[in-house]
Amino acid sequence: MQIGDTFNSYAEFEIALNDFKNSNFVDFCIKDCKTISSQKNRYPRLANTSEDLKYYYIKLMCIHGGVHKKKKICQDQRKTSTMRQGCEAFIYLIINGEGNALEISRMNNIHNHALSEVLFNHLPNQRKMNTQSKSEVLELMQLRANKKLIQHTMQIKTGKIITLKDLSNIYSTGKISDSSLYKIVQKLRHKHNCTVEISVDSEENLVGLFIQDSMMQNIFEAFPEVVFADATYKLNNLRIPLYVLMVEDGNGESEVAALGLMTNEEKDTLRWFFETFKKFNSSSENIKMFMTDKDMTERQVIKEIFPNVSLAICLFHVLRTFNREITCEKQNISPELRDQLKQIFEKMCYAQSEDDYNSLCQHLESKAPKSVFEYFLKNWHQIRHEWVTGLTFHNGNMLNNTNNRLESFNGKLKSVIPVFTNIDDFVDKLFILLKCLRLERDRNAVNMVQKLPLVKTRHPDLSKYFSLLTPYSFMLVEKQFEAKSKTLSFTTINGCQCKFYVAMTLPCCHIFDARQKTNTSLYDENLCATRWTRKYYYEKQRAFQIPTTMHVQNHSTCNTSEYDDNNSLTVITKKNKKLSSHQKFRETSKIGSKIADLLSTLSNENFEKKIGQLKYIYNAWNEGKNLSINVDDTCSVRVENHSDTEDFIEEIEVDDTCSVQVENHSDTEDFIEEIEVDDTCSVQVENHSYKQTCSDTIATVVGTEARLKSIKLPSKIKISGRPKGIKKTTIGLLKKKKGLPIPFRTQSAEKKQEILLKWIVTDENIVTKALYNNYIIDDVSILTQQDEIHNGILEEDVDINMVKHFFTNGIWKSLIKIIDIKRKKVVWLCPTCQKDISLKKSILCDSCLTWFHVKCDICIKPKPKKANWFCSQCCDKCV
């Protein structure tokens, strides 16, 4: 390509230009041009010129040509780079005199930068992919495939150099843009067949969306007894929490009962959500228990709307709250005492009876400072039946002590939906996950019909229970059937007050024992709640039902125009009311949190300037000055203090876009704040003292299409990642090393005492009293038969005198005599085969001090010299 070359069309020039680029390893871009159509009026001779020429003239410059020009307001805050290096190479084409061809009239092919094939292949235009390749990349990225593998595949297909940044750019530009609320609601109603209720405030800002499809409605109607409630955060770029209600079906599976997208968890918003849930679900009257965290607002709202429902607090949240509140700073205690108190609180959480709890409570009172014990009495003692695992079963919790079902769902949700996904994509992927989980539940249900276990139950009564119950409930009954336990004082052949029966309404080991002693049949279907039976499960499980279309309230068709005219829209109006100090603090904290989120994304230089502004505003307010903020193109902060004695004026530089002016008039009582943003926005807020108080109002109105489109979604905020914490338990204690048990000889003195007492005392409650309440053990509480005492008490590592002070002198002498007799007549039996260990090669477990035959325990491995060995039972406890 040289000066004087002509081309009959612009397409012909492009072909020649591409050959020139590839042979010389250079690239050009358009610097200036004028089309033929725009110049015909000016040059009449172009009237008959072919449109194939396209341009009257065009100037192409080297991709490295030109110089980067900074904007006036730019302060070089960003560390960026540019490809413009001032290269003067160019190509200039213009229509020739006859007007029938493009001619190169001027050209400079001298470059001021390096030229090579490698550099050329890395230029953006050479890396650009065609539409089909971009579609393939976008599809793979949406499936969250590995970017490095995508890069390798596309480089082979296209033969071009493709960077990871190119893939990210394709994904970012190819994502669906944020939809309006109207489109989201239409998608939920028409595509996913959902009942949708919308809540907004008086300023048309979105407050919440209630979402429930027919499958959620049906599953809740069938299994409403226990509802799990919690929210998951930061899954969409609007930072709207997803509130989830979940239930447990007849086969122990978790099912979503309702969803809510709510911009906050204030009392009015939560009340609207639960009232809407109650309105659409008549079976809510059958709810027995709600499992939540210790959010007082949420618990208060649930109690108001469902007054007959019991509340339970998730064990995980209880432990986490203790970890947050029992600290050296808050309670003014030493680290050693803090850990001791946390251990007591942890044992309280797992207390199995009221007696255990009371013993630990007395122990806490003796150990804890007055402030800690008062905190415990005020916040936890009165609601112990909601968080102590041995007491919550009275609520009918179906053996659920945590919200792990919801946490598992949230974990799956986060694996499918990337953080800060746009709200439209969020809704789509949410229902993709729901469909996937439902399919897995349906497959398990179908397997109940299509498959039978190879190992069948031998006992005829147990076989009947297998035919009656779902696999999950039968597994629980089978364990109770095989357990050996004596009948309790309150057990009958038709019922029991034990934890299992009250929580599950399934026959327990005590009922089986009572029936066996009275020669009553062990099978009785009346002992099992209907919800656990196969018949009921088959009737209610969606896999066995004919698919039905979701009933839309007040509509029988999905006509869009008719549908839009009758949308139900709840408006929550907050009127001015006198706020308490705590309410003011909460409102200020919300704004402060948003400011912190915003500033955390800035560069260090910009952050320092913004934080300087905030400090200056705080100091001005702290000195009682009135504040006026004017955002314009000036670069100053002006503070004026007008008093009777002197004038104070201070001016400092802030940045290019904001000036803050603070004026203090000592002779006025009204507070005036004025915010002006350029020429587009001016807001003035006057706050005068008033005495009247008004409560919030909630009204339901008809939401038309225009009304829905006018609702404002929360603004998008980019959030930085959070640091990872150290490995501690939920309550804040250091995690114990998992994998191997602790040898008996290395246990603490307190733990050894506990183990020894359990070997020689009949009741574990007595052990707890002796350890924590200075209880002296009487002769009724000790084991009198030598065979009942654990053989480990005879081992060399055991010092029986460690527990002497827990007994009276007379009882201690009797106990020593029993142990001496045991030492002379003891027969060491292997727990696995129940045969004498002297018959075969044996080994001692260093943790439980029990002897096993080498061939009887599955954990037997070659034992190195001076190493510890642990039996399978002790190893299982550490998994």
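This is a predicted model: local features need pLDDT of at least 70, side-chain atom pairs count only at pLDDT 80 or more; totals for chains, interfaces and linings use all residues.
## The start of helix α9

Let's begin where helix α9 begins: a side-chain oxygen of Asp213 comes to within 3.3 Å of the backbone nitrogen of Met215.

## The chain as a whole

Stepping back, the chain has 879 residues, and 43% of them count as buried. Its secondary structure consists of 31 helices and 22 strands. Taking contacts between residues at least 6 apart in sequence, 63% join residues at least 24 apart.

## A five-stranded sheet

Five strands make up an open sheet, in the order β1-β5-β4-β3-β2, with antiparallel pairing. The edges are taken by β1 and β2 (28–35); each has a single partner strand, so one side of each is left without a neighbour in the sheet.

On one side, β5 pairs with β1 (residues 6–7) in the antiparallel sense over two bridges, and here Phe7 stands opposite Leu102. Strand β5 also pairs with β4 (residues 90–95), again in the antiparallel sense, over six bridges. In that pairing, Ile94 faces Glu103 of β5. The hairpin of β4 and β5 has six residues between its strands, and Gly99 takes a positive phi near 75 degrees there.

## Two nonpolar cores

Which residues touch the most other members of the largest nonpolar core? In this set of 67 residues, they are Ile198, Leu259, Phe409, Phe426, Leu430, Tyr465 and Leu469. Helix α18 (residues 423–450) supplies the largest share of the core, with eight residues. Another core lies apart from it, with 57 residues that include Leu364, Ala368, Val388 and Leu756.

Leaving out residues up to four places away in sequence, Phe409 touches Val244, Met246, Val256, Leu430, Leu433, Leu434 and Leu437.

## Aromatic pairs

There are 36 aromatic pairs in the model. One of them joins Phe273 and Phe274: their ring centres are 5.5 Å apart and their planes stand at 80 degrees, so the pair is edge-to-face. Both of these residues are buried. They also belong to one aromatic cluster, which is formed by Phe210, Tyr243, Phe273, Phe274, Phe280, Phe290 and Phe306.

Is Tyr465 buried or exposed? Tyr465 has a relative accessible area of 0%, and therefore counts as buried.

## Two polar residues under cover

Asp442 belongs to helix α18. Its relative accessibility is 16%, below the 20% cut-off, so Asp442 counts as buried. The side chain of Asp442 makes a polar contact of 3.1 Å with the side chain of Arg542. Apart from residues up to four places away in sequence, Asp442 touches Gln541, Arg542 and Ala543.

Gln480 is in helix α20 (residues 471–482). With a relative accessible area of 16%, Gln480 is buried. Which residues does Gln480 touch, not counting those up to four places away in sequence? They are Phe500, Pro507, Cys508, Cys509 and Phe512.

How values were computed:
Residues are numbered from 1 along each chain as its sequence is written. Side-chain values use heavy atoms; hydrogens and water are left out. A nonpolar core is a set of buried Ala, Val, Leu, Ile, Met, Phe, Trp, Tyr and Cys residues joined through side-chain atoms within 4.5 Å. Buried means under 20% relative accessible area, exposed over 50%, partly exposed in between (1.4 Å probe, protein chains only). Helices (H or I, at least four residues) and strands (E, at least two) are DSSP runs, numbered from the N terminus. Contact means heavy atoms within 4.5 Å. A polar contact is a pair of N or O atoms within 3.5 Å; within protein, one must be able to donate a hydrogen and the other to accept it, and residues adjacent in sequence count only if both atoms are side-chain atoms. Two strands pair if DSSP finds at least two bridges between them. Rings of Phe, Tyr and Trp (its six-membered ring) pair if their centres lie within 6.5 Å; planes under 30 degrees apart count as stacked, over 60 as edge-to-face and the rest as tilted.
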